[in-house]
Amino acid sequence: MVKKVVFGLFFLVLLALGAILRNEPYWLHVIIVCIFSSMLAMSWLLILKIGHLSLAHAAFMGIGGVSSALLVKEAGLSFWLALPLSGLIAATIAVVLGFPILRVKGIYFLIVTFAFNELVGIIIRNWKFLGGYVGLIDVPRPNHLGGIDFSSKAHYYYLILFLAVVTVIVLYRVYSSRIGRIFTSIGEDEDLAQSVGINVLKYKLLAFAIGCFFAGLTGSFVVHYLNFSGAEMYSTLQSLNIQIYAIVGGMGFAIGGPIVGAFFLTLLVEFLDIPIKAQTLVYASILILVIFYLRGGLITLPQKVLEGMTRLSKFRTKGTSHGTA
Amino acid sequence: MPVAQIFLNALLLTMLYSLVSSGLTLVLGIARIVNFAHGSLYMLGAYVTYYVFQQVGLPFPVALVLAILGVGLFGVFLNRVLFRPLAGQFFAAIIVCLGLVFLVEGGAAIIFTEKERGMSAFVTGTVSIFGATLSTERIIVIITGALVMVGLFYFINRTKQGAAMRAVAQDAEAAALQGINFNYTSALAMGIGCGLAGLAGGLLAPVFGVVGPYMGQSIMFKAILVITLGGFGSVPGAFIAALLIGFLESFGFWYIGAWVSAVLFAIVIVILLIRPRGILGMEYTMRH
């Protein structure tokens with residue numbers, strides 16, 4: 001119950017920020033980046049939940065992005081149709097790829113997704129139709145919807161906020177359902193799950209598909225937001241970024257962790273005015289610090305601080321009682 | 001089709017891949033960690049060589065030795081500080097390695113700037129073999145690489161330290177019972193493995209002519225393919241796989257250009273499905 005209240009409040013804050021900042025395109029952009037980064041991190045974490053570390057998430061975002069750009073530019077589809085379609089295309093490719101590779105152990109899955117991400121990059125760069133080295137320019141804005149014509153950043157802001165809420169709700173429903181429990185059991189002990197009669201491959205494919213669906217969906221948004229699609233956006237380094245958001249935020253909290261991580265890291269480099277070149281360095285340093293000293297992620301920081309304070313207060317009480325005796 | 005050129009190129013790639021991958025697989029066998037930052041170490045070796053040879057002007061072999069030592073010692077440092085505390089924790093170790101890539105590349109981008117540096121050859125001229133004109137430099141690099149690989153094989157198979165490394169890779173506990181110092185052996189393996197990456201970077205920098213902070217990425221891709229094909233932890237396996245992939249890539253590039261990477265990728269997937277342990281590798285477990 002507390003969680004729902006927190007999320008609800010957070011959403012309201014973001015909603016309000018959209019109105020407050022409606023004439024500050026720069027800050028709107030920053031928060032838009034925070035929001036879609038959270039979506040990517042959340043959907044990636046779902047795949048981690050079943051015990052697989054995917055290094056291909058940016059590639060799936062790319063598959064969605066490129067598909068969407070082409071569907072709208074070349075096939076003349078409406079963005080509103082291309083958006084879900086891109087997600088579905090990404091999910092389909094995920095299933096096709098996942099069918100062979102979700103069977104193997106974690107390290108091999110990791111290697112294959114790494115190679116897959118590199119491969120997607122190579123394919124995009126070498127195929128003019130998908131953008132080539134230059135990329136796809138003049139990707140159209142989303143089509144009119146009522147009075148909203150996406151001429152201002154605020155329109156994109158509300159769109160991505162809406163998409164993020166949908167993502168959160170879907171993920172939440174999945175996690176709290178029987179399917180979600182199966183995911184967790186597969187993640188914890190695959191063999192045990194199998195022995196209880198769970199069709200492990202089927203559920204792994206489902207999780208992988210859902211995760212990649214949202215990656216593709218986000219890709220579609222990004223491409224129409226930036227009006228551009230380029231191979232650099234889908235590199236393995238971007239996949240690493242996504243992981244860092246989720247891990248630094250906290251892997252234990254499937255929805256809250258990624259949001260905390262994405263917002264914290266993005267806002268950090270903005271407020272400290274860290275140049276782009278130093279960003280990767282900062283992210284990596286924070287990641288390594290978190291792994292060594294705060295494994296649960298930033299979201300566990302309040303809890304850790306509380307524990308620390310409780311320990312301190314117990315120490316003092318002991319001293320006092322000793323004195324009164 | 002200029003067969004001689006493509007053949008030479010294939011040999012060059014073989015040497016490059018086997019140097020880098022042997023190092024990677026050595027580290028994997030001992031520390032049980034796929035060091036994704038290995039490509040970044042290759043890049044560091046290239047930069048050290050660039051600065052010592054091109055900027056300072058010392059002879060090329062000196063630059064190479066410095067690259068090997070520098071990167072090797074850096075590797076030992078990484079092992080001590082990052083890998084050893086995380087022994088046995090798969091996710092944590094992998095994530096740290098991935099973070100390391102960012103760290104090393106980001107650091108290089110800041111210190112050396114992102115501008116790519118041109119590197120001149122350490123020896124110019126060509127030789128004529130069987131009527132084909134081949135670059136002297138490339139031939140020297142190939143021969144050097146081959147000598148190093150031979151030296152590596154000799155070390156691993158015929159010396160006591162090499163045997164110690166093989167023992168630790170096979171079963172660390174049993175090796176310790178035999179009196180093998182795990183910390184020393186793992187530091188040595190790390191040093192040699194990373195030194196090999198540095199050497200490869202230094203050797204190939206003048207050949208490729210360009211040095212940049214992100215040059216390790218494509219190497220990492222190939223190195224991972226090679227050790228997967230060759231088998232985790234196996235240096236001879238890495239060599240054989242490097243040979244296969246080097247030739248496939250060189251000849252394949254002539255016919256289908258960059259799409260050869262797609263073919264390599266497909267091959268790796270097939271290997272993983274049929275025989276995940278690769279040609280000569282061992283089963284991958286996190287614990288020894």
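**Exercise 1.** List the residues that Val20(B) touches, not counting residues up to four places away in sequence.

*Solution.* Two residues are in contact if their C-beta atoms, placed from the backbone, lie within 7 Å. The model is predicted, so local features need pLDDT of at least 70, side-chain atom pairs count only at pLDDT 80 or more, and totals for chains, interfaces and linings use all residues. Residues are numbered from 1 along each chain as its sequence is written, while chains are lettered from A and ligands numbered from 1 in the order in which they are written.

Step 1: apply the criterion. Val20(B) touches His38(B), Tyr42(B), Leu196(B), Ala197(B), Ala200(B), Ile219(B) and Ala223(B), with residues up to four places away left out.

Step 2: A residue is buried if 20 or more other C-beta atoms lie within 10 Å of its own, exposed if 12 or fewer, and partly exposed in between. A nonpolar core is a set of buried Ala, Val, Leu, Ile, Met, Phe, Trp, Tyr and Cys residues joined through C-beta atoms within 7 Å. The largest such core has 205 residues, and those touching the most other members are Ala90(A), Ala115(A), Leu287(A), Val20(B), Cys97(B), Ala200(B) and Val226(B). In soluble globular proteins, nonpolar side chains tend to be buried together.

**Exercise 2.** Describe the side of chain B that touches chain A, by elements and by residue class.

*Solution.* Step 1: count. In chain B, 32 residues are in contact with 31 residues of chain A.

Step 1: assign elements. Helices (H or I, at least four residues) and strands (E, at least two) are DSSP runs, numbered from the N terminus. At least two residues each come from helix H4 (90–111), helix H9 (216–230) and helix H11 (260–274) of chain B. The most is given by H4(B), with 15 residues.

Step 2: sort by class. Ala, Val, Leu, Ile, Met, Phe, Trp, Tyr, Cys and Pro count as nonpolar, Asp, Glu, Lys and Arg as charged, and the others, Gly among them, as polar. On this scheme the side of chain B that touches chain A has 25 nonpolar, five polar and two charged residues.

**Exercise 3.** Determine whether Ala115(A) is buried or exposed, and which residues it touches.

*Solution.* Step 1: Ala115(A) is found in helix H5 of chain A. Step 2: Ala115(A) has 25 other C-beta atoms within 10 Å, so it is buried. Step 3: not counting residues up to four places away in sequence, Ala115(A) touches Phe221(B), Ile224(B), Leu225(B), Phe265(B) and Val268(B). Step 4: Leu55(A) is 60 residues from Ala115(A) in sequence and 8.5 Å away in space, C-alpha to C-alpha.

**Exercise 4.** Characterise the packing of helix H3 against helix H5 in chain A.

*Solution.* Step 1: axes are lines fitted to C-alpha atoms, for helices over the stretch in contact, and angles run from 0 to 180 degrees between N-to-C directions. The axes of H3 (residues 57–73) and H5 (residues 106–126) of chain A come within 8 Å and cross at roughly 30 degrees.

Step 1: H3(A) contributes Ala58(A), Ala59(A), Gly62(A), Ile63(A) and Val66(A), and H5(A) contributes Phe116(A), Asn117(A), Val120(A) and Ile124(A). Step 3: seven of these residues are nonpolar, two are polar and none is charged.

**Exercise 5.** Two residues other than glycine, Asp138(A) and Arg32(B), have positive phi. State the location and burial of each.

*Solution.* Step 1: phi of Asp138(A) is near 55 degrees. Asp138(A) lies in the loop between strand S1 (136–137) and helix H6 (153–175) of chain A, and with 8 C-beta neighbours inside 10 Å it counts as exposed.

Step 1: phi of Arg32(B) is near 60 degrees. The loop between helix H1 (3–31) and helix H2 (38–56) of chain B holds Arg32(B), which is buried, with 24 other C-beta atoms within 10 Å.
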